[in-house]
Amino acid sequence: MAAPTLTEFRNEPYTDFSVPANRAAMQAALAKVRSEFGSIYRLRIDGEWIPTGDKLVSVNPSNPKEVVGIHHKATPELAARAVESAYAAFPAWSHTPARERVSMLLDVARILRARKYEFDAWLVYEAGKTWPEAEADVSEAIDFCEYYSREMLRLDGPQKVSQLPGEKDELVYIPLGVGVVIPPWNFPLAILTGMTVASLVTGNTTIVKPSSETPTIAAKFGEVLLEAGFPESSFTVLAGSGASVGDVLVQHPKTRFIAFTGSRDVGLRINELAAKHQPGQIWIKRVIAEMGGKDAIIVDGDADLDKAVDGVLASAFGYQGQKCSACSRAVVDAKVYNQFLDMLAAKTKNLKVGPSEDPANYMGPVISEGALKSILQYIETGKKEGRLVAGGGAAQAPGAGYFVPPTIIADVDAKAKIFQEEIFGPVLAVTKANDFEHALELANDSQYGLTGAVFSNDPAHLAEARERFHVGNLYFNRKCTGAMVGAHPFGGFNMSGTDSKAGGPDYLLLFLQAKSVAAKVE
Ligand code: NAD
């Protein structure tokens, strides 16, 4: 098979839901997906469909009485079997020519594109995403497929190295082995797809252990991989508990690497477990770990306040603040502090919160009852640590979904819990800075370093921030969420993880190892 010829990478355009035909198509997809509610999904290991009897029930967070999917959970024994079977399949998969793997991956992109409304609808119902947030998630998944296809073709074959006299010198990239992919629920298609296809297209056999909050989206993605021609033995989607199944996958001596995205504590645990050598293990496991954030936006004294308010609002409350990139701290110059707060509070009070299937709502539910309780607890702490200016408690809505109104707490000190800890909900701490220097100090006062933004019209301040604002993804005069594949390779510093830069030119190298071959020539 010849290598596919590809046009330059372009981000997938978003569906415009103000167009009546698109709205109708989305409503039809919601109805279709709803008709599949409560379906039962079995495990599939090496082509065998396995019912285990122990079930994981996934619900609609807008209305938890509705069961979205029921999934047979893996046992620790089945997790070990999945690793063994992936190990056995590795030689054949790793020798499948890269152009064939790329061609399958392009098919994944094509199928996701054709079923975009349907995947949007699954995200609305299982992850509580509003229509535009779901659309951005599915589009990003397609982007990862398209981008990594091109990247794999670039990395296939001998790479350029200098040539010694009398030798033919080469460097080639080869796959690693069995990869374990552990994604979070908050980008249940995009991040799951990105990590999984990066592992597969580089020639690694792959086990995906999806989040227990969003297993149906993962199961549907597994169907797409099969339809696109990925062999049954090349991957397994393994629903199961992070704690029991996750530990087995991470510790297994035949696991070669782990690609994780999720919270700091789980990432650190995986890193520690993976570092421990197991009997029979003949490599050092590689860990790619992308973790939490406590992202800040600085609003300078001369900033365009309308733009700053819109940027902070979208970053703090889009998808209910449940993005690793979400703004959870606004650091505002004293000169404009009161004015900014008044403007932000006024706009925030107009945001509509309710079931995510209703496109009139700007915000849907948070993901689970556990998340709801934890966020409400942080709000209570925040009320003691600062001044509540918007939101403040659980919102009432039909179906008793997990709704939290957008909440702003002002006058928050840098030592406060709500300034330092990741809340992962629609809660924004606002802090006054004496000047720009102080604002930078406050923004950097964090164990995390994922995203950040600065609203300023002062070139010297922006230059200063470029140099000293210590985050993996820095934005000027725009929101700090919404990284685009190709343009904004994504990953953070310090406790935000290993800075893997997903969607960038360095990413696939994390799933490969380089081999140098030197041949004497007469
Ligand atoms: P989480 O850490 O609770 O779970 C992530 C995944 O790990 C899930 O699949 C879970 O089942 C699994 N898991 C749990 N315990 C495990 C264990 N002992 N061994 C192996 N796997 C285990 O995170 P979450 O609640 O799903 O996601 C939210 C978190 O993810 C936030 O902290 C957010 O900032 C972070 N996040 C980071 C990025 C990034 O790119 N840096 C992107 C998205 C989300």
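The shell around the ligand in this predicted model is made up of 15 nonpolar, nine polar and five charged residues. That makes 29 residues surrounding the ligand, and the closest are Pro183, Trp185, Ser263, Met291 and Glu422. Domain 1 (30–291 + 500–516) and domain 2 (295–484) each give at least three residues to this shell. Looking at secondary structure, you will find at least two shell residues in each of α8 (242–251), β10 (255–261) and α9 (264–275), with α8 giving the largest share, four residues.

An N or O atom in the side chain of serine 263 sits 2.6 Å from an oxygen atom of the ligand, and a polar side-chain atom of tryptophan 185 lies 2.9 Å from a ligand oxygen atom. Methionine 291 takes part through its backbone, where a polar atom is 2.7 Å from a nitrogen atom of the ligand. On its own the ligand has 850 Å² of accessible area, and the protein covers 88% of it.

Next, follow the aromatic rings, which form eleven pairs in the structure. Phenylalanine 9 and tyrosine 147 have ring centres 5.3 Å apart and planes at 85 degrees, so their pair is edge-to-face. This pair links distant parts of the chain, 138 residues apart: phenylalanine 9 lies in the segment before α1 (20–35) and tyrosine 147 in helix α5 (residues 131–155). Both residues are buried, and both belong to a cluster linked by ring pairs, which also includes Phe144, Tyr148, Phe257, Tyr507 and Phe511.

Tryptophan 185 has a ring partner too: its ring and that of phenylalanine 424 have planes at 75 degrees, so this pair is also edge-to-face. Tryptophan 185 counts as buried at 15% relative accessibility, whereas phenylalanine 424, at 22%, is partly exposed.

Definitions and conventions: Residues numbered from 1 in each chain as written. Predicted model: local features only at pLDDT ≥ 70, side-chain atom pairs only at ≥ 80, totals over all residues. Heavy atoms only, no water. Near = heavy atom within 4 Å. Polar contact = N/O pair within 3.5 Å; in protein donor to acceptor, adjacent residues only side chain to side chain. Areas by Shrake-Rupley, 256 points an atom, 1.4 Å probe, with all protein chains shown as cover. Nonpolar A, V, L, I, M, F, W, Y, C, P; charged D, E, K, R; others polar. Domains from an automatic or database assignment. Phe/Tyr/Trp six-rings, centres within 6.5 Å; stacked < 30°, edge-to-face > 60°. Buried < 20%, exposed > 50% of the residue type's maximum accessible area, 1.4 Å probe, protein only.
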